[in-house]
Amino acid sequence: MENSLDDILVVQQELEKLTGQDLVPYTEGWSGLRTALAAWVNELIQHNFSELIRVLYRVDISENKLKFLLQEKVGEDAAFIIADLIIERQLQKIKTRQQFQQPPPENEEDRW
């Protein structure tokens, strides 16, 4: 992935809120984050599938896209496919926030 370390840090923080646990130091990059997230997803697949469904809904993962990818990538680890979708969605949210972020007012009188 070609995103900055700042993006990795923001995605990691969002995922830690989502998972309720420290995943990996952001210095391990996308690969470390992806691996840690996939391990967490795999744990949910095996032991708490309803929680995984809740998380996917909360993150706003497209059910159709997930089904398509799982069918297209038969033989690949589903946990990594899901982890990639979660990271991709978090990056989309960052981009959207940046697009619509308004600069702070230049003077104090313009603030509410």
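This is a predicted model: local features need pLDDT of at least 70, side-chain atom pairs count only at pLDDT 80 or more; totals for chains, interfaces and linings use all residues.
A residue counts as buried when its relative accessible area is under 20%.

**View 1. Thr19 sits in helix H1, out of the open.** Thr19 belongs to helix H1, which covers residues 5–19. Is Thr19 buried or exposed? Its relative accessible area is 12%, so Thr19 is buried. Setting aside the neighbours within four places in sequence, look for Leu37 and Trp40, the residues in contact with Thr19. Leu37 and Trp40 are themselves among the buried residues of H2.

View 2. Five helices and zero strands make up the secondary structure here. Read from the N terminus, the elements follow the order α-α-α-α-α. The chain has 112 residues, and 32% of them count as buried.

**View 3. Helix H2 spans residues 29–47.** How many residues does helix H2 have? There are 19, and from the first C-alpha to the last H2 reaches 27 Å. This is close to the 27 Å expected at 1.5 Å a residue. Several residues of H2 are buried, including Gly29, Trp30, Gly32 and Leu33. Further along the helix, the buried residues include Ala36, Ala38, Val41 and Leu44.

**View 4. Gln90 is a buried residue of helix H5.** You can find Gln90 in helix H5, which runs over residues 78–100. With a relative accessible area of 5%, Gln90 counts as buried. Which residues is Gln90 in contact with, leaving aside its neighbours within four places in sequence? They are Val11, Glu14, Leu15 and Val59. Of these, Val59 lies within the range of helix H3, residues 49–59.

**View 5. Asp60 shows a positive phi in a loop.** Most residues other than glycine have a negative phi. Asp60 is not a glycine, yet its phi is positive, at about 75°. Where does Asp60 lie? Asp60 is found in the loop between H3 and H4. The relative accessible area of Asp60 is 48%, so this residue is partly exposed.

View 6. At 33% relative accessibility, Leu70 counts as partly exposed. Beyond the neighbours within four places in sequence, Leu70 is in contact with Ala78 and Ile81. Ile82 lies twelve residues from Leu70 along the chain, and 8.9 Å separates their C-alpha atoms.

View 7. The volume of the largest pocket is about 250 Å³. Its lining has 14 residues, and those nearest the centre are Leu52, Ile53, Leu56, Glu63 and Leu66. Which helix gives the most to the lining? H3 does, with five residues. Sorted by class, the lining of the largest pocket holds eleven nonpolar residues, one polar residue and two charged residues.

Terms used
Residues are numbered from 1 along each chain as its sequence is written. Side-chain values use heavy atoms; hydrogens and water are left out. On a 1 Å grid over the protein atoms alone, a cavity is a set of points where a 1.4 Å probe fits but cannot get out, and a pocket is an open set with protein on both sides within 12 Å along at least five of seven lines; lining residues have an atom within 4 Å of a point. Grid points are joined across faces, edges and corners, and a volume is the space filled by probe spheres set on the points. Helices (H or I, at least four residues) and strands (E, at least two) are DSSP runs, numbered from the N terminus. Ala, Val, Leu, Ile, Met, Phe, Trp, Tyr, Cys and Pro count as nonpolar, Asp, Glu, Lys and Arg as charged, and the others, Gly among them, as polar. Buried means under 20% relative accessible area, exposed over 50%, partly exposed in between (1.4 Å probe, protein chains only). The expected span of a helix is 1.5 Å times one less than its number of residues. Contact means heavy atoms within 4.5 Å.
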